[in-house]
Amino acid sequence: MKLSKIFSGALLLSALFGTCTPDAVAQRLVILHTNDTHSNIDSDDKGKGGILPRMAIIDSVRAKEKNVLLVDAGDAVQGSLYFKIFRGDVEYPLFNMMDYDVRILGNHEFDNGLDDLARYWKGVKASRLSANYDFSDTPAKGLFSPYIIKNIAGKKVGFLGINVDPADLIVEENYKGMTMSDIVPTANKTASLLKKQGCDLVVAVTHIGYDEGDIDDRALAAASKDIDIIIGGHSHTFIDPANPKSVPYWFKNSIGRDVLVAQTGKYGANIGYIALDLKNFRNKKIDYKLIPVTDRFDASKYSEEMRNFIAPFKLKVDSINSRVIGWSDADLINKREACPYGNWAGDFSARFGRHIADSLRSAGVEVPDIDFGLMNLGGIRQPMHAGTISEGQILSTFPFDNKIRIIEISGKDIIETMKIVSRKGGEAVSSEVRVVTDSVGNYLGMTVDGLPVDPDKNYVVATIDYIAKGKDGMVPMKNHREIWRDSREVSARIIDYISDLTANGLPVTADPNPRFVVTVADKLK
């Protein structure tokens, strides 16, 4: 088995990279890229992803190719117990051990605030890029440059960093003092400057998403003139040239030249591989592919330094993951198109809100009835599989420090919110709610307990502070009156709830039926 795994790994890498003459190798540039690792240090239960297998692939490419650059497009952190417990003490040293050349920020690098961001990024060995964030009035002052120029095989390769608008994604206190310039003008201005400095190739490393709307990687490619390659992140888009059904990855820029847009998906399941001839890349094909990160390598190929570093952290993580707190009767999917986990989370928020309201009333506090619950699907980071549920699983699934709030808000603002989330495919709402859309996601109406939402009436909603602050695009939710806020994280409340179910002999179950529904009128056409 051991020999077959070694042979399998070597054979696959040989097939991926092919063979080149010494002169061709000297003129080739290989850019390996990653994005949205989200603290997935270990391989998953199917043997996919993991930092040690990633390093084995990187080592294999570096051993074969003369000119290799390693790039990360952000969100290296947040999404597993490694970050929940250790805040960055695991991911940042590991990325340094992998010897990244270029790194940019994702929005989740801000999750613990600017002091933590600055503390960890001071130790980042890679070139730290951001052309459109200004940290002058923050603890991160001086840590980031708009671009870097690499001299490779007698050619100049310029990299620039472009970051997402924080307004809808990051709570204000976590980026206080930082300012942002417009994405497309800044990218074009920086790319033009790189060309004027003699760069033969310009690569934009972005964390704005492939298909996020008016300002995304596709729009940037179309509006650009001097950018040759965009290496992206944020949207978790799986851009795979080997898949005939892959989303497009070549776009015409403003002067008709081709721009490659690359992204690897999420959670470290793939490494992007871009190879080109620096002498004449415009007239020769840029080779772009994804390398699956799997357990095909024998463990002897893994970095001993990294394995030893991870071991004490993994011991703590495995201990928490082994604490069983409940049982699920079925798989709970966390995708928008079919989301029993979202339904369960929405129901939990309404149920918990009503429990708190009853407790407040018992203490003599006047509290209105809870009308419904609302959670964000983006806050549910993993599916729940049928079978045992561990404490670590819930902490990884709900990794953010969100807390439940009970708020009062107008029907008008609820309707405006649902117009926004309908276009995204929905959010996690409780069983009282049905939102009606047309077949392409345009909002048509909403009922609560079977009655249409009255724009002139106030409703009481149990939600989380992230939504109450208008984040994840739900801007109208900011227009509320707060009734109560929790002091404990929502993950702790969910762990308590599942433990209570178990104590009463009950499993976790969820309604699988969609609560964002396509109008019957469209179905009858």
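Q: What does the accessible surface of the protein come to?
A: The accessible surface is about 22,300 Å², and 51% of that belongs to carbon and sulfur atoms. Such areas come from the Shrake-Rupley method with a 1.4 Å probe, and for residues only the protein chains shown count as cover. This is a predicted model, in which local features need pLDDT of at least 70 and side-chain atom pairs count only at pLDDT 80 or more, while totals for chains, interfaces and linings use all residues. Residues are numbered from 1 along each chain as its sequence is written, and side-chain values use heavy atoms, with hydrogens and water left out.

Q: How many of the 525 residues are buried, as a percentage?
A: Buried residues make up 56% of the 525, where buried means under 20% relative accessible area (1.4 Å probe, protein chains only).

Q: Turning to helix H14, which of its residues are buried?
A: They are Val490, Ser491, Ala492, Arg493, Ile494, Ile495, Tyr497, Ile498 and Leu501. Helices are DSSP runs of H or I with at least four residues, numbered from the N terminus.

Q: What span should the 14 residues of H14 have?
A: At 1.5 Å a residue, H14 (residues 490-503) should span 20 Å, and its end C-alpha atoms are 20 Å apart, which agrees. The expected span is 1.5 Å times one less than the number of residues in the helix.

Q: And what comes just after H14?
A: Gly505 is found there, with a positive phi of about 80 degrees.

Key: Buried means under 20% relative accessible area, exposed over 50%, partly exposed in between (1.4 Å probe, protein chains only). Helices (H or I, at least four residues) and strands (E, at least two) are DSSP runs, numbered from the N terminus.
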